[in-house]
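Let's walk through a protein model together, one question at a time. Have a look at the sequence and the structure first.

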Amino acid sequence: MKKISKLFVCLGLILLVSILSMTAISADVDKANIVASLGSDSIYQYKTPHSSDGIGKFYMGREIAQVMGHQGAGWLERPSREAEESPSKLISELELKPTDIVADIGAGTGYFSFKIAPLLTSGKVLAVDIQPKMIEILELLKQEKKISNVETVLGSVSNPNLPESSVDLALMVDAYHEFDYPREMMQNIVKALKPNGRVVLAEYKGEDPFIAIKKLHKMTQKQVKKEMEAVGLTWQQTKQNLPQQHLMFFQKSSQ
Ligand SMILES: C[S@@+](CC[C@H](N)C(=O)[O-])C[C@H]1O[C@@H](n2cnc3c(N)ncnc32)[C@H](O)[C@@H]1O
């Protein structure tokens with residue numbers, strides 16, 4: 001009798017152990033499935049080793065560049081910029097209307113914001129940046145230049161913090177390739193655009209090896225189009241008459 005009850009206890013224990021280990025195995029399988037689905041569905045990939053100019057995060061085959069710190073403010077304001085990059089030509093290509101609301105996203109020191117603002121006699125520039133130091137510089141220059149229709153906006157890495165359907169043109173000069181969350185940023189920028197609103201990107205020509213800018217701080221036209229189309233924007237045209245940058249125009253749909 002004792003032998004039989006011992007046998008039952010042993011069988012019970014074996015059954016319990018196998019139920020527990022099956023649960024553990026199925027939990028492991030679930031975990032593996034979650035990891036696999038994250039890996040394949042996620043819009044970003046992380047790789048090491050990676051470029052010393054990048055953040056090791058990849059989007060649609062492109063490594064995202066490191067953000068240029070506020071220590072680079074002097075370089076943005078360099079007097080030779082006009083001769084090197086023709087920013088005045090860039091601005092005239094935008095064909096701005098005096099009533100336009102322009103968001104200068106990744107405004108830095110406001111090099112473009114302050115040149116554009118006087119053209120918007122009944123409009124304004126929303127100068128967005130994620131670095132509080134850049135916003136401080138923008139505010140100082142705004143006072144110094146006595147320009148009232150530039151408003152500074154502190155954005156986050158995934159959201160420019162602009163009101164919905166409020167912007168005619170979102171301009172990004174040498175900034176988009178630095179966005180840590182390009183998909184989320186662009187989705188929020190599209191929300192902030194009015195119907196038929198425009199997005200213009202100026203990026204150093206990635207196809208041209210003679211442009212002396214670090215690889216991750218340049219973009220090819222093909223890559224820019226792919227990334228803008230991923231958020232529903234329609235390519236309109238590319239102006240190729242700037243010495244170093246592509247000037248690429250996109251439009252939001254009318255709804
Ligand atoms: C190379 S600077 C260009 C500044 C300016 N557009 C110009 O051409 O003089 C890039 C700027 O983009 C800003 N930036 C990077 N990621 C950003 C983001 N997610 N949202 C807004 N600004 C961002 C950086 O802080 C930096 O000031």
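A residue counts as near a molecule or strand if its C-beta atom, placed from the backbone, lies within 6 Å of it. This is a predicted model, where local features need pLDDT of at least 70 and side-chain atom pairs count only at pLDDT 80 or more, while totals for chains, interfaces and linings use all residues. Residues are numbered from 1 along each chain as its sequence is written.

Q: Which residues come nearest to the ligand?
A: There are 23 residues around the ligand. Among the elements that each supply at least two residues of that shell are α5 (111-116) and β5 (124-129); helices (H or I, at least four residues) and strands (E, at least two) are DSSP runs, numbered from the N terminus. The nearest residues are Gly106, Gly108, Tyr111, Val173 and Ala175.

Q: How many residues of the shell around the ligand are nonpolar?
A: Here Ala, Val, Leu, Ile, Met, Phe, Trp, Tyr, Cys and Pro count as nonpolar, Asp, Glu, Lys and Arg as charged, and the others, Gly among them, as polar. Sorted that way, the shell has four polar residues and three charged ones, and its nonpolar residues number 16.

Q: Is Gln131 buried, exposed or partly exposed?
A: Gln131 sits in the loop between β5 and α6 (132-145). A residue is buried if 20 or more other C-beta atoms lie within 10 Å of its own, exposed if 12 or fewer, and partly exposed in between, with C-beta atoms placed from the backbone. Gln131 has 17 C-beta neighbours inside 10 Å, so it counts as partly exposed.

Q: Why does Ala192 count as buried?
A: Ala192 belongs to helix α7. Two residues are in contact if their C-beta atoms, placed from the backbone, lie within 7 Å. Leaving aside neighbours within four places in sequence, the contacts of Ala192 include Ala103, Pro160 and Val167. Ala192 counts as buried because its C-beta neighbours inside 10 Å number 24.

Q: Within what arc do the buried residues of α7 fall?
A: The buried residues of α7 are Pro182, Met185, Met186, Asn188, Ile189 and Ala192. Look down the helix axis, and take the arc as that of the directions from the axis to the C-beta atoms. The buried residues of α7 line one face of the helix, because they fall within an arc of 165°.

Q: Which residues of α8 are exposed on the other side from its buried ones?
A: In helix α8 (residues 221-229), Val224, Glu227 and Met228 are buried. They fall within an arc of 95° seen down the axis, so they line one face of the helix. Those buried residues pack against α7, β8 (193-205), β9 (218-219), β10 and β11. On the other side of α8, the exposed residues are Lys222 and Glu229.

Q: What is the bridge partner of Thr238 in β11?
A: Two strands pair if DSSP finds at least two bridges between them. Strands β10 (residues 234-239) and β11 (residues 245-251) run antiparallel and are joined by five bridges, with a hairpin of five residues connecting them. Across in β11, the partner of Thr238 is Met248.

Q: What is the phi of Asp174?
A: Most residues other than glycine have a negative phi, and most peptide bonds are trans. Asp174 lies in the loop between β7 and α7, and with 23 C-beta neighbours inside 10 Å it counts as buried. Although Asp174 is not a glycine, its phi is positive, at about 50°.

Q: What is the omega of the cis peptide bond from Thr48 to Pro49?
A: Pro49 is in the loop between β1 (44-46) and β2 (54-59). The peptide bond from Thr48 to Pro49 is cis, with omega near -10°.
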